[in-house]
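I opened this notebook to keep track of what I looked up, one topic at a time. The entries follow the order in which I checked things.

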Amino acid sequence: MYSVGLDIGTTSVCGILVDIKSGEIKKSLTLDNDTFINTENPFEKIQNAGRLISIAKEILEKLTENETPVCIGITGQMHGIVYLSDNGEILSPLKIWQDGRGDQPYKNGLSYAEYMSEVTGYPLATGYGAVTYFYDSINGLVPENTAKFCTIHDLLAMTLGGKTAPLVHTSDAASLGLFDLNKNEFDVKAIQKLGLNPNLFPEVCDGFKVVGNYGNIPVSVAIGDNQASFSGSVKAPENAILVNVGTGSQISCFSDTVPQNKNIDCRPLLQKSYIMAGSSLCGGRAYALLEKLFREIATAVTGESVKSAYPAMDRIMEGYEKKKSLNVSTLFDGTRQNPEKRGSIENISTENLNMASLCDGFMWGMVEELYGMFEQMKPYVKVKKNLLVGSGNGIRNNAPLRRRFEEKFGLKMQIPLGKEEAAFGAVLYSLVASGIKADFNSAAELIKYVEE
């Protein structure tokens, strides 16, 4: 018996076929997300929504050529939105989480996102769906026949499930902004304060739900990729710290209450449970920027194109013993609270301006940023966190980075055996939603770590 998990990411779309008895990934297929659309506004980050749905369908068809899955789970990039008509027709590109329109100046010296936060009291940032909708509404960019908006993976679940309107899980709904975590619903009064139409916000559900059927196969409601990755990576949520490093990076901890700290991003997980999440806007891309710099230098010196500097960086770091000789802040894209903030390199001397010190400094900068977020979560942690789990290609492909996380947290890092953690989490969710497993904990037993 097999289940499919689909994950629509920012730079790739992946799917897995999982043996639901053993937890083994029988098939895995990843295709590039080649759907970015160039515009005349550099702050806009948009993708072709219809093309993304086609890529996901192509992956699903290839995974199920010789197998009929018992259910389909779906996840994907949070915060971004696509506008839909009343019959489910796609009316706009996907405006993704990296979109910068919310940081554009609006009034009284405030950006669109800052103005919304001041008026409503909700912590909002550019890229959040509600912020995108507010900017579009003010500037006449909402398509005329718009009936709803939703995330791209909600659109996929709607499409595969044969529906014409999206059903959005609380794990996704909260990422759009203006969402009341205590009531598990969008705050209609806050929405109306901004002159927005609350009817355009999607219908919300909690717990384990099936959207519809793809043929005879149950399709579960899509869940946010942060929650999916957490669910697909940790066996004991209450005790775990999850570090994910990819294009961005995140640190996540379980909570059974909503922390009273606006600097902590609290996201619904499942019924009456939450994830405290800290997100770096640059994250793993910081190390990729350094690799790009090394390639450019090598090409300038040799006159030949260098395909990748990562092998050389790995060799240099394997024998590197000095630590933190350079103080590097990797806030190259700012923070959600302060988007104008930028990174820095300090303590440069005649002895440490070299490749090894730069690699070391960049890695420690990535570690320190996430650890600082964890420090803010500590007052709301009720159970001792003694399980450090790492996920994402930035963790899997960089042993020196893993060692630095282990040193900072004082814990051995566990790596999930399955490489597509978010898609695997979507599978676990779908199994329960479809009634294949009795409860979430039994599905979580399918998680295996590399050492096992």
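Which residue does Lys 292 form a salt bridge with? I found Glu 296, with the closest N and O atoms 2.7 Å apart. I took a salt bridge to be a side-chain nitrogen of Lys or Arg within 4 Å of a carboxyl oxygen of Asp or Glu.

Before going on, I noted that this is a predicted model, in which local features need pLDDT of at least 70, side-chain atom pairs count only at pLDDT 80 or more, and totals for chains, interfaces and linings use all residues. Residues are numbered from 1 along each chain as its sequence is written, and side-chain values use heavy atoms, with hydrogens and water left out.

I placed Lys 292 and Glu 296 both in helix H8 (residues 285–302), four residues apart, about one turn of the helix. Helices (H or I, at least four residues) and strands (E, at least two) are DSSP runs, numbered from the N terminus. Lys 292 has a relative accessible area of 41% and is partly exposed; Glu 296, at 42%, also counts as partly exposed. For these words I used under 20% relative accessible area for buried, over 50% for exposed and in between for partly exposed (1.4 Å probe, protein chains only).

I counted 16 salt bridges by this rule. Glu 67 and Lys 26 form one, at 2.8 Å from N to O. This pair links distant parts of the chain, 41 residues apart: Glu 67 is in the loop between helix H1 (49–63) and strand S6 (72–76), and Lys 26 is in strand S3 (residues 25–32). I listed Lys 26 as partly exposed, at 41%. Glu 406 and Lys 412 also form a salt bridge, their closest N and O atoms being 3.8 Å apart. I then noted a network, in which salt bridges that share partners join Glu 44, Lys 95, Asp 99, Arg 101 and Asp 136.

Entry on aromatic rings.
I paired rings of Phe, Tyr and Trp (its six-membered ring) if their centres lie within 6.5 Å, with planes under 30 degrees apart counted as stacked, over 60 as edge-to-face and the rest as tilted. The count is 20 aromatic pairs. Tyr 106 and Phe 134 form an edge-to-face pair, 5.5 Å centre to centre with 80° between the planes. Tyr 106 is in strand S9 (residues 105–107) and Phe 134 in helix H3 (residues 129–138), so the pair ties together parts that are 28 residues apart in sequence. Is Phe 134 buried or exposed? At 1% relative accessibility, Phe 134 is buried, whereas Tyr 106, at 24%, is partly exposed.

I next looked at Phe 332 and Phe 362, a tilted pair at 5.7 Å centre to centre and 35° between the planes. Phe 332 lies in the loop between strand S23 (327–329) and strand S24 (344–346), and Phe 362, 30 residues apart from it, in helix H10 (residues 355–377). I recorded Phe 332 as partly exposed at 23% and Phe 362 as buried at 7%.

One aromatic cluster takes in Phe 43, Tyr 106, Tyr 112, Tyr 115, Phe 134 and Tyr 135.
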